[in-house]
Amino acid sequence: MARMLQLFYWLPVLFMSFFMVEIYLSLNAEIDSFNNEMLQRQVNASSDAAVLEAITNNSDIESDYSHNKIEIDPDVCKREFVTTLLGNLGYSVTEEAIEDFENTAIMSLQICMYDGVYTYYQDRYATRNISQGALHNRYKLVSTPKAPYFYTPEDEVDTAYALTLDLDKAYRLYTVPSEDVDGMYNLKINTVPVPVSHITRDRQLTVINNTVSEWMKYALIKSYGTGDINKSYNIPAHANSITGAQPVRDLNVIGIVDLSDYGSMSDYTVMGIGGNRIVKSDPVVTYIRDGVRYWNYTSKCGDLNLLSDVKAYDSEYTAVLTDKAAFDLKGRE
Amino acid sequence: MTNATGKFLGVGIAIMLLLLMYSNVVVSESMLDRRQIASEMVTFMDSVIDSREITESSLNQFVSNITSHGAVVNYKITRKIRNVTYQNVGGVPTATTTYVTDPNENPMKFEKGDHIVLRVYEESFSSTQYIVRELTQMFMKDFDYTLEMRVR
């Protein structure tokens with residue numbers, strides 16, 4: 001009986017062991033969840049910074065959003081994204097750290113521009129280690145060319161558009177005979193935007209977001225894939241599609257960061273979405289009319305060249321004013 | 001004799017069970033505290049990047065909020081000043097951005113484009129955390145997180 005009783009004492013010990021393992025597992029899950037949450041905030045902050053840098057850098061070189069265009073070097077966004085994220089993670093921002101982080105942790109980075117999207121992905125290349133003579137796989141973050149938001153309306157025959165985030169205007173596509181091959185045609189994009197009021201804004205946003213989503217899938221397959229089409233890839237389920245929410249309504253940066261190979265024991269993969277409203281620049285000009293000096297927004301001035309006694313003073317706005325020649329004078333002032 | 005050993009063993013197991021439950025409660029509380037501190041960090045940073053300044057009252061409120069969750073935490077705010085260099089590369093105007101850390105220890109004013117870095121770190125444990133750490137000799141890593149955001 002006494003021996004039986006001693007055996008029963010081991011049962012609580014066994015129970016305690018299970019209880020301890022359970023506490024350890026739940027604690028680990030909780031810490032992972034918290035780290036993921038913090039990383040999500042940090043990547044979101046980095047995406048926001050990248051968008052702001054894109055816009056600010058654009059105005060720094062005085063190529064502001066005149067003519068409904070935004071021309072941005074995507075590398076500016078990428079660098080801002082990486083440097084901000086490195087600062088968030090507590091690393092020193094050095095060129096070596098930037099390159100290391102770029103080629104290790106960023107699985108996809110999409111810079112959604114006014115008229116197209118740049119997609120960064122990890123491109124695999126083989127390098128030979130001279131001392132060992134073996135081929136090693138390395139990855140490098142590279143970008144696709146700017147992919148326009150193509151759309152072909154179902155009810156319009158032989159018509160296609162390259163949509164823009166303006167949602168009021170788009171570029172029309174047309175075909176020209178190929179100079180290289182007889183009988184073939186090349187697709188060209190007209191540089192003059194045309195109004196697309198017959199395409200609903202919701203439809204345009206759906207097309208734009210689907211385009212971005214498709215390129216994101218392409219980037220993830222390239223980044224996570226080994227190049228062998230017979231192998232299956234382990235792509236994080238929550239980071240392979242952006243349809244539904246339609247986050248791309250304006251200039252946007254979407255980054256997918258995976259820290260599993262970058263000093264982390266657990267898999268931390270998050271998708272950060274930045275975004276900022278596009279505000280068209282409308283600089284103030286000054287002019288003299290009937291001996292009185294006026295200040296006004298350029299968009300409300302109409303065609304100042306048509307007025308004989310109007311003279312723009314600030315030379316930096318001259319280019320803006322001459323491009324406003326198509327404005328109608330009716331209703332101004 | 002056997003009876004006495006059994007009693008000692010029973011009391012020991014009961015104490016360890018209580019300790020495990022106590023650890024569980026402390027860990028849960030600590031994780032909740034961490035989430036609240038992180039939330040305070042984000043709220044404070046959001047207000048700063050929009051207003052471009054840190055007022056005395058907002059800073060006091062922030063410090064009061066993060067220190068009211070048990071653990072003894074401290075903070076450090078750093079400002080990275082945006083610096084633009086203009087170049088003309090092949091006729092194309094190019095602007096290169098770099099950041100210079102502000103030597104001022106307590107920056108209160110920020111310019112558009114600056115980065116503000118907020119680091120909140122744990123300096124000491126709360127009393128409950130200390131007890132658990134001493135008894136079990138194992139506990140989670142100290143709270144030490146950084147949030148860097150760009151001033152709008």
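1. Strands here are DSSP E runs of at least two residues and helices are H or I runs of at least four, both numbered from the N terminus; two strands pair if DSSP finds at least two bridges between them. Within this pair, A:Tyr161 stands opposite A:Arg172 of strand 6 of chain A.

2. A word on the basis of all this: the model is predicted, so local features need pLDDT of at least 70 and side-chain atom pairs count only at pLDDT 80 or more, while totals for chains, interfaces and linings use all residues. Residues are numbered from 1 along each chain as its sequence is written, chains are lettered from A and ligands numbered from 1 in the order in which they are written, and side-chain values use heavy atoms, leaving out hydrogens and water.

3. The strands of point 1 belong to an open sheet of four strands in chain A, with the order 4-5-6-7 and antiparallel pairing. Strand 4 (149-151) and strand 7 (185-195) of chain A each have a single partner strand, so one side of each has no neighbour in the sheet. From one strand to the next the twist averages 35°. Helix 4 (residues 201-224) of chain A packs on this sheet, touching strand 4 and strand 5 of chain A, and its direction makes about 125° with that of strand 4 of chain A. Contact means heavy atoms within 4.5 Å; axes are lines fitted to C-alpha atoms, for helices over the stretch in contact, with angles from 0 to 180 degrees between N-to-C directions.

4. Chain B has an open sheet of four strands too, with the order 2-1-3-4 and antiparallel pairing. Its edges are strand 2 and strand 4 of chain B, each with a single partner strand, so one side of each is left without a neighbour in the sheet. Here the twist averages 20° from one strand to the next. Helix 2 (residues 56-66) of chain B packs on the sheet and touches strand 1 and strand 3 (115-124) of chain B.

5. Do look at the hairpin in chain B. Strand 1 and strand 2 of chain B run antiparallel and are joined by ten bridges. B:Val84 stands opposite B:Thr97, and B:Tyr86 has B:Ala95 as its bridge partner. Two residues lie between the strands, and B:Gly90 takes a positive phi near 60°.

6. Now the interface: 37 residues of chain B are in contact with 33 residues of chain A. The buried area, meaning the accessible area (1.4 Å probe) that two parts lose on being put together, summed over both, is about 3300 Å² between chain B and chain A, with carbon and sulfur atoms giving 66%. In chain B, B:Leu20, B:Arg35 and B:Arg150 lose the most area to chain A, together 19% of what that side buries.

7. Charged pairs deserve a mention. With a salt bridge taken as a side-chain nitrogen of Lys or Arg within 4 Å of a carboxyl oxygen of Asp or Glu, there are five between chain B and chain A. One of them joins the side chains of A:Glu53 and B:Arg82 (3.1 Å, N to O). Helix 1 of chain B gives the most to the side of chain B that touches chain A, with 17 residues.
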